[in-house]
Amino acid sequence: MTSSLPSPLPVLDRTLLYFACKLVPLAERSDWLRCWQAELWHRHHLRSSELRSNAIDLYPGLVRDALWLCAESIRMAFAGTASLCLGLLTIVLVLAGMPLFAFSGSTHTLFGLLPSNAGRFLCEATLVTLVSFATGSRTIEHESPAALVSRFRAQFFLAAKLALVLIIAFLLSLDMTLPFHTAHPFIAEIIQPQFFVFIALLGLRWNFQDQDNRCKHCLRELASPSRVGRPSWNFLDSNSTELLCKDGHGLLSVPEIETSWRRSSHWIAS
Amino acid sequence: MTAYYVVNFIYVLHYIAMAAQRLSHTAALILKALSLNYRFGFEIMEVTGLPSGTVYPALRRLERDKLVQSDWEPEAEAIEHARPARRYYQITKAGKAVVLSATERYPLLARLIPEKQA
């Protein structure tokens, strides 16, 4: 491990390097190791005698540097992915269910409460979904149609988000009305669907926008928005915002205004 | 075409302003040290008085944000002095603009770090 150094590092340094480098992503490990071997070596061979042989103050830096690289690689791998989105929605779902659980007192009461509201939920959810699809969904032109698997995955992701958003909206509407359900049941019955419709419409609108702004291949959020064209050229040339897939699967061109020759967004696969 | 450059210039200024606002005292201090030609993580630790656990991750973040770039010392130079090559950091053009606006924001920053002696 210290073969490239003019003199070997102390055992403690080498042990720490050995364990810390396990945290560093494989692609960056050799560079990181080389960097820290050099830093520690220089720390031990400083000319000023008062600082010589005192590398302990570098240890926190070494460990935190390795941890930062580890966290950054996880962040890069999951940032904007469909799995992260579904994971976060699931967390929100659990959080939305907590007040309901606290109010009902036990899981038995909670599970008794949910089936009694299932019919109402299905009715409200169907109506809201139909309205949202009729008003909120947009078509995206594909230069070349995506593979069947990608299209199926995208539809599954949209459906999963839709279901989660609707359940979250329903739970939140119950959270807000349940506290005064016993005192004013009639008012609660009237207010709850209104809360649900309001939250669900907002949620589904977000769902469509989020779906539009994702790569049609890997479903990762598109990034690096850049303006293309000039507003004064609206009827002559492209005037749009282009978003790129970080993994290079393609770009989405979103027109600034709807024209007869450019009604919808355009996905150009790489 | 001029309008295009003007818009781009405004975007760059906006980016710098945003970056300067987001910059913590620590990051501003590290950038200031780099702008004064302190190049190594260890040197920055000494001159700023910041612990290694703060300096090295901050350097990584600054590099990710393209305010700093790092490279390796020439191998020949290191061999000549019988020591291993070290990674050194340099402030980028964007970093210089950010440190300039940070110095305006934190005037004491200019006095905290002495110029590096050649």
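This is a predicted model: local features need pLDDT of at least 70, side-chain atom pairs count only at pLDDT 80 or more; totals for chains, interfaces and linings use all residues.

Student: Which residue of strand 5 of chain A is the bridge partner of Leu251(A)?

Tutor: The bridge partner of Leu251(A) there is Ile268(A). Leu251(A) also stands opposite Leu244(A), a residue of strand 3 (residues 240-244) of chain A.

Student: How many bridges join strand 3 of chain A to strand 4 of chain A?

Tutor: These two antiparallel strands are joined by 5 bridges. They form a hairpin with 5 residues between the strands, where Gly248(A) takes a positive phi near 75°.

Student: How should I read a pair of helices?

Tutor: One considers the angle between their axes; over 145 degrees counts as roughly antiparallel. The axes of helix 2 (residues 26-44) of chain A and helix 3 of chain A cross at roughly 170° and come within 11 Å. These helices are therefore roughly antiparallel to each other. The contact is made by residues including Trp32(A) and Trp36(A) of helix 2 of chain A, and Leu62(A) and Leu69(A) of helix 3 of chain A.

Student: Where in chain A is confidence lowest, and where highest?

Tutor: Confidence is lowest in strand 1 (residues 140-142) of chain A, at a mean of 70, and highest in helix 3 (residues 59-78) of chain A, at 92. Chain A averages a pLDDT of 84.

Conventions
Residues are numbered from 1 along each chain as its sequence is written. Chains are lettered from A and ligands numbered from 1 in the order in which they are written. Side-chain values use heavy atoms; hydrogens and water are left out. pLDDT is the predictor's confidence in each residue, from 0 to 100. Helices (H or I, at least four residues) and strands (E, at least two) are DSSP runs, numbered from the N terminus. Two strands pair if DSSP finds at least two bridges between them. Axes are lines fitted to C-alpha atoms, for helices over the stretch in contact, and angles run from 0 to 180 degrees between N-to-C directions. Angles under 35 degrees count as roughly parallel, over 145 as roughly antiparallel, 65 to 115 as roughly perpendicular and the rest as oblique. Contact means heavy atoms within 4.5 Å.
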